[in-house]
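Thanks for coming, everyone. Please have a look at the structure on the screen, and I will walk through a few places in it, one after another.

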Amino acid sequence: MTDLSTSPRISVVVPVKNEVLNILPLVEEIEQACAALGTFEVIYVDDGSTDDTGQQVLSARATRPWLRLMRHEASCGQSAAVRTGVQAARAPVVITLDGDGQNDPAFIPQLVAALDDPAVALAAGQRIGRKDGTYKKWQSRVANGVRGRILKDGTRDTGCGLKAFRRDVYLRLPYFDALHRFMPALIKREGYQIAHVDVVDRPRHAGHSNYGMFDRLWVGILDLAGVWWLIRRRRRVPAAQEIV
């Protein structure tokens, strides 16, 4: 564990919106999963909640000096919340997971271990045994299929919130809404490899989904075209040195 006076080895970023009933159970699971990984911090990003989500994080922080809270005055979406957390993170490795409890923190050590390979910049969780409804799973299947055929990112499930990545590489990526769904393609664009880790999906602890349903395919079409264009326009970065 760590306090705010030391630099942690890993930063865990959790975007949340109106998840008051899910805060404490997930914080406890994250603490247990990270205990053997060295120093860590956990950054909750409250994306304009209208319930007591933020207050619940503050209550949990009373006995956990490694727990931090960032807050958006108004909801800006999941990608914006993730970016806020990554910008605030103090570790070179960042892990993200959804705040509803569907992502099991027990897989965090496997994701972090995958980054031991210096060629790998992203370890992406790949959900098995998904607990979403039939329509939601169909949407994701279609969206992932279309994205995979166009971008050829080699990732069957980009919507899984469980990811581990190098902070400096993430901050070099072009930022736009729904960035988290296109990270494998954009990481490959930077010349790095992607590791895939199967993770078991769970039912959410409580409440209902606040992110996602509509933008999986239909709103993402323009983003998909934009990412395709970015990949095609990628040019080699020159290795330059001064001659004296």
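Before I talk about strands that lie side by side, let me say that two strands are taken to pair if DSSP finds at least two bridges between them. Please also keep in mind that what you see is a predicted model.

With that in hand, let us begin with strand β6, which covers residues 163-166. Which strands are joined to β6 by bridges? On the one hand there is strand β4, residues 93-96, which runs antiparallel to β6 and is joined to it by four bridges; on the other hand there is β5, also antiparallel to β6, with three bridges. To find these pairings on the screen, you can look for T96, whose bridge partner in β6 is K163, and then for A123, whose bridge partner in β6 is A164.

Now, are the faces of β6 covered or open? In a regular strand, the side chains alternate between the two faces of the sheet. In β6, K163 and F165 lie on one side while A164 and R166 lie on the other, and all of them are buried, so that both faces of the strand are covered.

Let me stay with β5 for a moment, a strand that spans residues 120-128 and holds R127. The relative accessible area of R127 is 13%, and because buried means under 20%, we call this arginine buried.

Among the cysteines, C76 is partly exposed, at a relative accessible area of 49%, whereas C160 is buried, at 1%.

Finally, please turn to the loop between β1 (10-16) and α1 (23-34), where you will find N18. N18 is not a glycine, and yet it has a positive phi of about 55 degrees. With a relative accessible area of 26%, N18 is partly exposed.

Methods: Residues are numbered from 1 along each chain as its sequence is written. This is a predicted model: local features need pLDDT of at least 70, side-chain atom pairs count only at pLDDT 80 or more; totals for chains, interfaces and linings use all residues. Side-chain values use heavy atoms; hydrogens and water are left out. Helices (H or I, at least four residues) and strands (E, at least two) are DSSP runs, numbered from the N terminus. Buried means under 20% relative accessible area, exposed over 50%, partly exposed in between (1.4 Å probe, protein chains only).
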